[in-house]
Structures are given as C-alpha cells and as structure tokens.
Amino acid sequence: MTRPTYVIVGANLAGGRAAVALRDEGFDGNIVLIGAEAYPPYERPPLSKGFLTGTTAPESIYLHPLDFYAEHQIDLRLGVTVRRIQPQWGSVELDDGSTLAAEQVLLTTGARLRRLDVSGAELDGVHYLRDIDDAVAIRDHLRSPARVTVVGGGFIGAEVAATACENGCEVTMLETAELPLRRALGPEIARFYADVHRRHGVDLRTGTRVVAFEGDQGRVRKVITHEGTAIDTDLVIIGIGTEPASELAQSAEIATADGILVDAYCRTSHPHVYAAGDVVRHLSRWAATPVRLEHWQGAQNQALTAARSMLGHLDPYDEVPWYWSDQFDLNLQIAGIPRPDDSQVLRGDMDEGSFSILYLRNGHISCIVAVNRPRDVRPAMKLIEASTPVDACELADVSVELRRLVSKPSVSVPLGGTGA
C-alpha cells in the first residue's frame, strides 16, 4: 500500500512546527517540507534585535539542526519554489516543472514585504529586513559611526532603529503618520515610544514621506523627503509593512481576502488544503471580523492546529492573540485585540516606564498593553479568555495583583463559525 504524502509549502516557523507536529501526532506517511530560502525553518523575531548586533548566530535561531529533519523522515527541500498547487489532481508543481503527489497540502507561505516604489530604490545600501540574508547584509554595515535612515515607524522599523542606536549609529527614523506605532498601540503609548526614541538620540521625523533615494557610484547617499529635505545617509532600512503571499491559493481558486480564509481548524475552502501562519485570515472570538495576525504565536501554534486537522483531529485554534517587542530597555507585550470604543484603565506610571493599559469592553478585559510589567500579562490573558467580570478601580490599583482576579466567576463566549 502506497503511503500518503502531505506537502507543506513554506519552510518557516509555521511550516517547520507543522511538519514535526504531524510526526508527533503519529502520521507515518511522507512529509515534504518545501522552502524558497537556503536555510531550514527558523524564528524571525531575533533578526531585528540580537542578530543585528552580532550576538546571535544563524544556527541559534533554527528550530532544529539540519539533520533533525532526515532523522524524522521529513523531506526538507530548500531553495525550491512551488509554481502552483493542483489539489483537484492531488499534486504540487515545482519551479523546475516537476510534480509531487500530495494528498493534503498545507500552505504556510507567510507574508512578503511591501516595497517602496521610488527612484533610487535599487541602490546598494537600501535594504529590507525579512530573512537571514537581509539581516546579514544589514548587520555588516550597522556599526558606529554609520548614518542609518529607517523608513517606517512600525514594529520592525522601531526595533531596527533602537538596535542601530544602541550600536552607536546615527539614526533617523521617518514615519508618514503623526506617531510611530500608532496603529498598533494607540496615541498615548505611541507618544510614549516616540519620546523614548528621541531621548535615546533617534532623529524621529513624523508626517514625512520618502520620494527618492540619491546615490554616488551606485550606493545610496541621500534620502529625499516630500518636503524636499535631503538626509545624508550610509544605510537605509525600509519597513513599511507586508502583504500575504496567497497567490498559490488564489490560482487554485481557494477563497482569499487579504490572506487565505480559514476556519477555526485551519481548513480552507478546498477540503484537501489547509493554511496557517502569517498568510491566513481567520475568525477569532477576540475580534469582530476575521483577522490576519503576523505574530510568532500564530505561526507557531496555529500550525499545530493545522497539522492535527490534516489528520482528522479537530481541535480549534482559539488562543488570545499575544505578541511582544523589545526596544532599548523596554519590553512591550500585547494580548488581545482592542476596539476603538473600548474604555481604558492605566495601571502603573508611564513616567517611570513601567505600566499597563487595560482595555475594557462590557465590563471585561479585551486587551492589555504592558510596558515593563510582564507580571500583568499572563493573568490578564486568563481574564480575557474566561471573560471574567472586572472592576476598573481594582485594575488601576497596583497593590491588587491581577492573578487574584482570575478565580472570579466567568461567562463563556462561544467561538464563531468558519472563515472560509
């Protein structure tokens, strides 16, 4: 009897976790894990932090050593691109024209960087940060007294700016909005982070749009803004967001909408195709509409749900969203998904750089944003998950440990329907 073949497209964190989970769950068929990069699955968060300082080696961020995959009979194919999937024929076509049998396909294709379409973007010294090769190219030039211009004030841009500043570089960060990180953190905390970056010497310019790069002998030397200002620079790092790499699903006529649509079990609109990680848009009871979350937690744990679903073990992905960011001496953690009409409670002191903001909806916590208060995060996540009624005065009182509130009676909230 021929053993079934499951193909995972995307040898990243989600793909790597899913491949191992299939084996852990007892699947004894063929597993083919395909990745376009030359590296085995690895974790991306260190790329904008320790990796750029040279304190983190590539091998230390691998999920497993290279020989692990052969030992577990996982056919890891690196430097390979999938041209298209053909679930109706049970096959996957590779870029060299060859095909693989595939009874089940898992898409963990992630997200691709948005590119800045301006003149001079092709000059040497203009970089994006998404993979190990990008990080190595940037790291080799991120030394004092380099003049570094960061374009984009989201999490990647802010983390890179902080790392470059701590490396002794002269850093300018350009953001089109009125505050960096505003979309993710709201105006109060975004303003706090803007002040932090400026206090550390970052030349933060908001409401500023890049219109061109100028160079000399093929290398970038100036960044030109919409106001006509020319910023002298030795290195440019662009971080202006991503878009889901969902074209394989689209070409196979699988439902997409700014990501591959999946239900709580990571099932797409095709019965033999699953998806997980940054590429998916899924229903979450923590959000009013399906969401696409580009977080380590989703890539890691949603992949486990997908692997189990492929084997018929239906266990929904139903975790409170959680992610973090480290900038300078500040650890930021966010759990939950706030809405604009949520009320807010401040816990701690923003001036001292140790505080949490808790978002409340109908008497329950919907989200926590904690800065240098990690002890608040896990209890808050339990309160969110259990929909535990809370009192705003208790939350604001730092003498009241949040873990003491976890045991209060809760109200169950059902998980929504499918997203495909």
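1. Strand pairing first. Two strands pair if DSSP finds at least two bridges between them. Strands are DSSP runs of E with at least two residues, and helices are runs of H or I with at least four, all numbered from the N terminus. By that reading, Lys 222 stands opposite Asp 232 in β15.

2. Basis of the note. This is a predicted model, in which local features need pLDDT of at least 70 and side-chain atom pairs count only at pLDDT 80 or more, while totals for chains, interfaces and linings use all residues. Residues are numbered from 1 along each chain as its sequence is written, and side-chain values use heavy atoms, with hydrogens and water left out.

3. Overall build. The protein has 10 helices and 25 strands. Its radius of gyration is 23 Å, close to the 22 Å that the globule rule gives for 420 residues, so the protein is as compact as a globular protein of that length. The radius is taken over C-alpha atoms, and the rule is 2.2 Å times the number of residues to the power 0.38. Along its principal axes the C-alpha trace spans about 65 × 65 × 35 Å.

4. Of the 420 residues, 54% are buried. Buried means under 20% relative accessible area, exposed over 50%, and partly exposed in between, with a 1.4 Å probe and protein chains only. Contact means heavy atoms within 4.5 Å. Among contacts with a separation of 6 or more, 61% join residues 24 or more positions apart. The protein exposes about 18200 Å², and carbon and sulfur atoms supply 48% of that area. Accessible areas come from the Shrake-Rupley method with a 1.4 Å probe; for residues, only the protein chains shown count as cover.

5. Nonpolar cores. A nonpolar core is a set of buried Ala, Val, Leu, Ile, Met, Phe, Trp, Tyr and Cys residues joined through side-chain atoms within 4.5 Å. The largest has 49 residues, and Leu 142, Leu 185 and Tyr 193 have the most contacts inside it. Beyond its neighbours within four places in sequence, Leu 142 touches Leu 52, Val 148, Thr 163, Ala 164, Asn 167, Cys 169, Leu 235 and Ile 237. A second, separate core has 27 residues, including Val 20, Phe 68, Ala 303 and Met 310.

6. The three-strand sheet. It is open, in the order β13-β14-β15, with antiparallel pairing. β13 (210-216) and β15 (230-232) are the edge strands, each with a single partner, so one side of each lacks a neighbour in the sheet. The twist averages 30° from one strand to the next. Axes here are lines fitted to C-alpha atoms, for helices over the stretch in contact, and angles run from 0 to 180 degrees between N-to-C directions.

7. β14 in detail. Six bridges join β13 to β14. Three bridges join β14 (residues 219-225) to β15. Ile 224 faces a residue on each side: Ala 212 stands opposite it, and Ile 224 stands opposite Ala 230 in β15. β14 is mostly covered, with five of its seven residues buried.

8. Worth checking by eye. The hairpin of β13 and β14 has two residues between the strands, and Gln 217 takes a positive phi near 55° there. The hairpin of β14 and β15 has four residues between the strands, and Gly 228 in the turn has a positive phi of about 90°.

9. The five-strand sheet. Which order do the strands of this open sheet take? The order is β21-β22-β25-β24-β23, with antiparallel pairing. β21 (322-327) and β23 (343-349) stand at the edges with a single partner strand each, so one side of each is left without a neighbour in the sheet. Neighbouring strands are turned by 15° against each other on average, direction ignored. Six bridges join β21 to β22 (residues 330-336), and Gln 327 stands opposite Leu 330.

10. Helices on that sheet. Helix α5 (residues 155-166) lies across β21 and β22, running at about 30° to β21. In helix α9 (residues 377-386), the buried residues include Val 377, Met 381 and Ile 384. Their cover includes β21, β22, β24 (354-361) and β25 (364-371). Ser 387 follows α9 and has a positive phi near 50°.

11. Ile 189. This residue lies in helix α6 (residues 182-199). Is Ile 189 buried or exposed? At 0% relative accessibility, Ile 189 counts as buried. Beyond its neighbours within four places in sequence, Ile 189 contacts Met 350, Phe 355, Ile 357 and Val 369. Ile 189 and Ala 370 are 181 residues apart along the chain, with C-alpha atoms separated by 9.8 Å.
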